[in-house]
Amino acid sequence: MKPAEPLVTSDYTEPGVSGMVRDWGADKQAFDMPWGKLMMWIFLLSDTFIFSIFLTGYMNVRLSATDTWPPASEIFALTVGGVYLPLLLIAIMTFILITSSGTMAMAVNYAYRGDRRRTVILMIATAVLGASFVGLQAFEWSKLIHDGVRPWGNPWGAAQFGSTFFMITGFHGLHVSAGVIYLAIIARKVARGDYEKKGYAIVEITGLYWHFVDLVWVFIFAFFYLW
Amino acid sequence: MSDTAGEQHPIGIYLKIWLLLFVLSAFSYMVDYFHVQGYLRWTLIITFMLLKAGLIVSIFMHFQWERLALKYTLLLPTLAIMVLIGLMLIEGDYTFATRHAFFDRG
């Protein structure tokens, strides 16, 4: 026996609020996308909450600290060829991550066009950029630890600086590292042709995760390093 | 259900957004480099941050081409974060004042 036709034809063409009401209320699935993509969005929403809580906690301890807050601009400065450049390392890391987001966006585009070779190359480029970001972060951490920054204190002022720094950048770095592994696995499967039948939504899903990691860095850059 | 329709944008748009993100990042770096201070500093930092975040979410993550059903599912819960930030802002100020009142007797 053939399954019954749905009462409402499942189109997702109606625009605006009435379209939304129809998507939610009609006898069809609410979201016009593969389940994996929806699940990634929901996961990213939960991750948004985690990072927001970290940054809000940071705001709270920084507001309530009676000691002066250490000057991030000077702590993360580098001297290159005798020229003193504040925040240079962080600026380089920011540009690397933005570039990796750009290559990822293009990988998604080429995946939907069915250009496997370019997709794989761009995904590997994204992973390499991500790995170099983690490398620079490891360098930054060891420099700070060498300077005497600990989760319970530092030479320049409020003790809370260390704990929030290690927690927030550490959790973000963990996300980048996981993303590099995720990208490498999916790139390998794309190269093998595993998705020829299933379609290339998986590249977009991986991309969503990667762009989110970049997005979180935008907020960390503004609130932790520039504030 | 196949997601190929509507996903095809010319590569150029990603390069433009990429360039824009570069420029905006350079601007926020300049804020620090030229030691802009006070309310102007915070306004500029937040403006550049929100512009960058908006570009990443709407273009790179294709959010602006999604249907309203998803947009509201993702945006409405973040209002709770705004409430938390507001509460912790008050709480942080209060803790600071309390610390001054009770520990600054020296």
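**Note on the predicted two-chain model**

1. Buried residues make up 18% of the 106 residues in chain B. For chain A, 37% of its 227 residues count as buried. Both values come from a predicted model, as does everything below.

2. Chain B first. This chain has four helices and zero strands. The order along the sequence is therefore plain to read: α-α-α-α. Its radius of gyration is 20 Å, whereas the globule rule gives 13 Å for 106 residues; chain B is therefore more spread out than a compact globule. The C-alpha trace of chain B spans about 70 × 35 × 15 Å along its principal axes.

3. Domain 1 covers residues 1-67, and domain 2 covers 76-106. Taken over C-alpha atoms, the centres of these two domains of chain B are 30 Å apart.

4. Two histidines in chain B deserve a look at the backbone. His35(B) has a phi near 55°, a positive value in a residue other than glycine. His62(B) also has a positive phi, near 60°, and is likewise not a glycine. His35(B) sits in the loop between α1 and α2 of chain B. His62(B) sits in the loop between α2 and α3 of chain B.

5. Now chain A. This chain has seven helices and two strands. Along the sequence the pattern runs α-α-α-β-β-α-α-α-α. The radius of gyration of chain A is 22 Å, well over the 17 Å from the globule rule for 227 residues, so chain A is more spread out than a compact globule. Its C-alpha trace spans about 75 × 40 × 25 Å along the principal axes.

6. Residues 24 or more positions apart account for 67% of them.

7. Helix α6 of chain A runs over residues 160-192, 33 residues in total. From its first C-alpha to its last it reaches 48 Å, close to the 48 Å expected at 1.5 Å a residue. Gly193(A) follows α6(A), with a positive phi near 85°.

8. Ala184(A) lies in this helix, α6 of chain A. With 17 C-beta neighbours inside 10 Å, Ala184(A) counts as partly exposed. Ala184(A) and Met123(A) are 61 residues apart along the chain, yet their C-alpha atoms are separated by 7.6 Å.

9. The largest nonpolar core has 69 residues. Those with the most contacts inside it are Ala107(A), Met123(A), Leu208(A) and Phe221(A). Not counting residues up to four places away in sequence, Met123(A) touches Ala107(A), Leu183(A), Ile186(A), Ala187(A) and Val190(A).

10. Which elements build this core? Chain A gives two or more residues from each of α2 (35-64), α4 (88-113), α5 (116-146), α6 and α7 (201-226). The largest share, 19 residues, comes from α7(A).

11. Val216(A) is a residue to check in helix α7 of chain A. It counts as buried, because it has 25 C-beta neighbours inside 10 Å. Leaving aside neighbours within four places in sequence, Val216(A) is in contact with Phe51(A) and His172(A). Val216(A) and Ile92(A) are 124 residues apart in sequence and 16 Å apart in space, C-alpha to C-alpha.

12. Last, the interface. On this model, 45 residues of chain B are in contact with 47 residues of chain A. On the chain B side, α1 (11-33), α2 (38-60), α3 (68-75) and α4 (78-103) each give two or more residues. The most comes from α4(B), with 12 residues. By class, that side of chain B has 27 nonpolar, 10 polar and eight charged residues.

Conventions. Residues are numbered from 1 along each chain as its sequence is written. Chains are lettered from A and ligands numbered from 1 in the order in which they are written. This is a predicted model: local features need pLDDT of at least 70, side-chain atom pairs count only at pLDDT 80 or more; totals for chains, interfaces and linings use all residues. Two residues are in contact if their C-beta atoms, placed from the backbone, lie within 7 Å. Ala, Val, Leu, Ile, Met, Phe, Trp, Tyr, Cys and Pro count as nonpolar, Asp, Glu, Lys and Arg as charged, and the others, Gly among them, as polar. Domain bounds come from an automatic or database domain assignment. The expected span of a helix is 1.5 Å times one less than its number of residues. A nonpolar core is a set of buried Ala, Val, Leu, Ile, Met, Phe, Trp, Tyr and Cys residues joined through C-beta atoms within 7 Å. A residue is buried if 20 or more other C-beta atoms lie within 10 Å of its own, exposed if 12 or fewer, and partly exposed in between; C-beta atoms are placed from the backbone. The radius of gyration is taken over C-alpha atoms; the globule rule is 2.2 Å times the number of residues to the power 0.38.
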